[in-house]
Each structure stands twice: as structure tokens, then as C-alpha cells.
Amino acid sequence: MVTLTSSSLKYSAFILILLYALTFSFSLVSARPATFLQDFKIAWSDSHIKQLDGGRGIQLILDQNSGCGFASKSKYLFGRVSMKIKLVPGDSAGTVTAFYMNSDTDNVRDELDFEFLGNRTGQPYTVQTNVYVHGKGDKEQRVNLWFDPSADFHTYTIFWNHHQAVFSVDGIPIRVYKNNEAKGIPFPKFQPMGVYSTLWEADDWATRGGLEKINWSKSPFYAYYKDFDIEGCAMPGPANCASNPSNWWEGPAYQQLSPVQARQYRWVRMNHMIYDYCTDKSRNPAPPPECRAGI
């Protein structure tokens with residue numbers, strides 16, 4: 001007969017708890033990210049979007065015939081959207097890979113933009129962010145990424161609540177647009193936005209202001225996506241969802257950058273930002289109101 005000591009019983013209980021915790025955490029993780037078709041649909045040129053790994057990833061294709069794009073099945077009012085992207089490798093000059101949210105309301109649209117601007121081989125990849133509020137855009141900022149985004153997947157995130165919109169790369173904030181309505185500055189908070197991504201040719205402006213043209217001999221161009229993750233208030237949906245203060249993205253920890261995030265944000269702006277509309281005196285002799293208020 002085997003006699004279990006107190007210590008062995010405690011150890012067995014610990015192992016059971018650990019196994020339960022691992023099983024529970026795996027079930028949470030496995031619920032997200034979603035497969036492509038759970039949350040998205042092909043918006044244009046379905047022949048240029050291929051599903052991979054049972055729909056857990058996709059390939060976007062750009063050639064001389066067409067680019068392509070996809071869109072979320074729902075619109076969302078506040079929350080977080082992220083996906084992992086591996087950008088076009090090699091000589092990608094003239095190509096643009098975009099990941100953005102858009103209210104699709106014409107002249108009064110709200111929009112939060114990531115645009116990844118292709119490059120000549122060996123040059124830094126530039127990510128341009130832009131914000132449209134009630135139809136007014138022209139708020140471009142550009143950052144040279146500090147890694148090769150075509151060598152592996154990296155996580156790109158748009159976070160949006162009543163207090164701020166934050167663009168992040170691998171969890172590092174590269175752009176913050178604060179709610180300064182108290183100072184008379186519009187903020188996107190009334191219109192739900194869909195989630196979109198496209199791969200297209202824009203060699204009239206994308207690389208060095210259009211000086212570098214696309215090299216079609218290098219086509220087709222490919223971008224890869226996986227780990228699609230949307231958490232937010234889907235619209236149409238419960239009327240009180242977007243105003244519910246118990247939504248995790250409205251919590252006190254998400255109303256401003258944490259001290260660590262603030263240091264990361266300063267590091268990006270000091271070391272990797274190459275253009276800021278706020279300081280472009282040729283376009284804005286006086287800084288726009290949102291720049292003076294603190295963005």
C-alpha cells in the first residue's frame with residue numbers, strides 16, 4: 001500500500017491546479033485570434049487574396065493586373081484591432097500596404113490609418129499614420145521602422161477609446177491622437193468604423209515622394225497576414241455598448257499611456273520619426289490646434 005505524505009499531496013494538488021490553469025489559458029488564447037473569414041471578407045480582387053493555413057492566414061498579391069483588399073464584416077465603435085503582417089520584401093518601391101479603420105461616410109468620414117510605404121532594397125521601411133476626424137485629414141506622421149518588417153511577422157495595433165487613439169508596433173506606441181474636445185478640437189467618437197487592409201500601387205507618391213517608381217519586373221508582390229484580433233463594440237449591436245465604462249478598453253489604465261509606453265513613445269519620436277505635419281511650416285505656418293493642444 002502506498003502512503004501519500006502531506007508534501008506529496010500538496011505537490012499533486014499544485015500539479016492539478018497548474019494543469020487546469022494551462023488548459024483554461026489555452027482555451028482563452030485559442031478563442032482569439034480569429035480565422036480570416038470569422039471577421040473579414042474580401043472587398044476587391046478575390047483572385048489576388050489567398051487563404052493559408054486553413055484560413056488562419058492570408059496572402060495579398062499585387063501585380064500589373066490588380067492589387068487587392070479586404071474588409072471587416074462589421075463596424076466597431078471603440079476597442080482594439082490588431083493583426084500580424086509580414087510586408088513586401090526586397091524592392092518594394094511604389095507599393096503601399098495599408099491597414100486602417102474607416103467610417104465610410106464620404107465627406108464626414110473618420111479614419112485611423114497605417115500605411116506602409118515600400119522602399120528600394122536595403123532602405124528603411126516607412127510607416128505613415130494619418131487621422132481623419134469629421135472629414136478633415138492631412139495629419140500625416142512618418143516613422144522609419146527600426147527592423148526589417150518583411151523578414152518576419154510583426155504586430156500592428158489600432159487602439160481607440162473615448163480618451164485617445166493609439167497606433168502601436170509590437171506593443172510600442174508610434175502615434176497618439178488625444179481627445180482634446182475640451183479645447184474645441186474634434187475627436188472621432190460618434191461614427192463606427194470598419195477595419196480594412198489593401199495592397200496597391202501608388203508610385204506617384206509612396207516612395208521618396210514619387211521619385212522611386214515601381215519595378216514591375218519584381219512583381220508579383222506579396223504581403224502576408226495572420227492572427228486577426230478584433231475586440232470592440234460591433235455595430236449594429238447593444239445601444240449601450242460603446243458608452244459602457246466597464247469595457248476593458250475604457251479602464252483607467254487605458255486613458256493615457258503608461259510610464260513605460262510614454263518612454264517608448266518618446267524614443268520613437270526622437271530616433272525614428274522623419275516627418276510630422278505639426279512641424280511642417282510649408283504646410284502649416286502655424287501649428288494646427290490639435291498640435292498646440294498636445295497630440
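This is a predicted model: local features need pLDDT of at least 70, side-chain atom pairs count only at pLDDT 80 or more; totals for chains, interfaces and linings use all residues.
Colleague: Where does E111 lie?

Modeller: E111 lies in strand 6, which covers residues 111-117. E115 has its place in strand 6 too.

Colleague: Why is E111 called buried?

Modeller: Its relative accessibility is 7%. Buried means under 20%. The value of 7% falls under that cut-off, so E111 counts as buried.

Colleague: And why is E115 called buried?

Modeller: The relative accessible area of E115 is 14%. That is under 20%, so E115 is buried.

Colleague: What makes the link between E111 and N102 a polar contact?

Modeller: The side chains of E111 and N102 make this contact at 2.7 Å. A pair of N or O atoms has to be within 3.5 Å, with one able to donate a hydrogen and the other to accept it.

Colleague: Which residues does E111 touch, not counting residues up to four places away in sequence?

Modeller: E111 touches Y100, M101, N102, N130, V131, Y132 and M193. To count as a contact, heavy atoms must be within 4.5 Å.

Colleague: What does E115 touch, on that basis?

Modeller: E115 touches V96, T97, A98, T126, V127, Q128, W200 and W205, again leaving out residues up to four places away.

Colleague: Let us turn to V195. Why is V195 called buried?

Modeller: V195 has 0% relative accessibility. Buried means under 20%, so V195 counts as buried. V195 sits in strand 12, residues 193-201.

Colleague: Which residues is V195 in contact with, leaving aside neighbours within four places in sequence?

Modeller: Among them are F40, F70, Y76, F99, Y100, M101 and I230.

Colleague: How far apart are the C-alpha atoms of V195 and F99?

Modeller: They are separated by 7.6 Å, while the two residues are 96 apart along the chain.

Colleague: What about the whole chain: how many helices and strands does it have?

Modeller: Four helices and 14 strands.

Colleague: How many of the 295 residues count as buried?

Modeller: The share is 47%. Each of those residues has under 20% relative accessible area.

Colleague: What share of the contacts with a separation of 6 or more joins residues 24 or more positions apart?

Modeller: Such pairs account for 67% of them.

Terms used. Residues are numbered from 1 along each chain as its sequence is written. Side-chain values use heavy atoms; hydrogens and water are left out. Helices (H or I, at least four residues) and strands (E, at least two) are DSSP runs, numbered from the N terminus. Buried means under 20% relative accessible area, exposed over 50%, partly exposed in between (1.4 Å probe, protein chains only).
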